[in-house]
Amino acid sequence: MATRRKFLQRAGLGGAAAATSMLAAPAIVKAQAPIRWRLQTYSGAPLGAHVILPQIEAFNAAANGEMEIELYYADQLVPTAELFRALQNGTVDAVQSDEATMASPVDISVFGGYFPFATRYSLDVASMFMYYGLDEIWKEAYDEVDNVTWLSTGAWDPLHIFTVDKPIRSLADMNGLRVFGVPTAGRFLSKYGLIPVTVPWDDVEVAMRTGELDGVAWCGFTEAYEVGWADVCNYALTNSVTGAWFGSYFANTESWNKVPPHLQQLFRSTIDQSHYYRNVWYWGGEAKLRVEGEKMELTSIPQEEWGQVVADASGFWDEIAASSPRAGRVVDIFKQYAANQEAAGYPYR
């Protein structure tokens, strides 16, 4: 017992001495500078307030000073058409855009943005990525590109055509109309005489007011009202070329690899939050504004004539499928998904 008591006494004295030593010479912890990223989106500021700003604000708050993302809108750092190159060389650390608009050099870039009749509803995009393998194809394609990491793809709004003073009530009415729009849909619609015109996003409204543009084939009703284009356009075509835009998030691989795993997961989680916000914002906004919106007159192309457009899309699909084996796999998924939705019936189709 005596031996045990002496041991405990020595241990206690040793502990006290150690504690005294720690108090006398406290360790100096150096605060690490936060990781800083620059992210540029395809969208202008009015639209960006919905499609990305809530996500970036949430990430910066939750990162708790360990990382901060600076958000830039369309063309603020680099022209949108040069975004991919800027991402690859590290001018920006991350990008939110569709592949077609940012000139992504992969054989599936044509599917980014609006691919004619590939979707009916926004959830079609997420479903094809989760259940049908589009996620594997996108990752595979970008794994072949140096210094760019694909992170996630989500849905935006459907595609409608809005015009300033020339209503569209037949396919013939499209002939000669100069419209601002995304590349793939513009390529398809040019079959009917539509002329795609590219201008900086912030210049679109002025271009319509001055007559340089006759309208836009870029978005749905929610965006047209939100960004002010509904104040310039007098007509809205209700026939939708597709149900949802494909938009993705990308990171510069070197920048991404410097981010610790817990912050990578936080960024992915806030991307998912952004996908959810947009799905609800667009889904509710499209229906509400078609019914309650008073700024534009609704027009439509007769169903028998619009049926020709749907039939032409099938040939367009086959043309794109033949462009590369991987593009063919994407088109096969579109076809299988559409067939399953039709077979499932209400409420899917």
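Mentor: Before we start, two residues are in contact when they have heavy atoms within 4.5 Å. This is a predicted model, where local features need pLDDT of at least 70, side-chain atom pairs need 80 or more, and totals for chains, interfaces and linings use all residues. Residues count from 1 along each chain as its sequence is written, and side-chain values use heavy atoms, without hydrogens or water.

Trainee: Which residues of helix α6 are buried?

Mentor: Look at residues 134-143, which make up α6; helices (H or I, at least four residues) and strands (E, at least two) are DSSP runs numbered from the N terminus. Buried means under 20% relative accessible area, exposed over 50%, partly exposed in between (1.4 Å probe, protein chains only). The buried ones here are Leu 134, Ile 137, Trp 138, Ala 141 and Tyr 142.

Trainee: What covers the buried residues of α6?

Mentor: Take Trp 138 as an example: leaving aside neighbours within four places in sequence, its contacts include Phe 111, Phe 129, Trp 150 and Val 330. For the buried residues of α6 together, the cover includes α4 (83-89), α5 (123-131), β4 (148-155), β10 (246-252) and α13.

Trainee: Is Leu 151 buried or exposed?

Mentor: Leu 151 lies in strand β4. Beyond four places in sequence, Leu 151 touches Tyr 249, Phe 250, Ala 251, Trp 256, Phe 267, Arg 268 and Ile 271. Its relative accessibility is 6%, so Leu 151 counts as buried.

Trainee: How many Å separate the C-alpha atoms of Leu 151 and Tyr 73?

Mentor: Along the chain, these two are 78 residues apart.

Trainee: What is phi of Asn 64?

Mentor: Find Asn 64 in the loop between α3 (53-62) and β2 (67-72). Asn 64 is exposed, with a relative accessible area of 65%. Its phi is positive in a residue other than glycine, near 55°.

Trainee: Where is Asn 147, with its positive phi?

Mentor: Asn 147 is not a glycine either, and its phi is about 65°. Asn 147 sits in the loop between α6 and β4.

Trainee: Which residues does the cis peptide bond join?

Mentor: Go to the segment after α13, where Pro 347 is found. With omega about 5°, the cis bond joins Tyr 346 and Pro 347.
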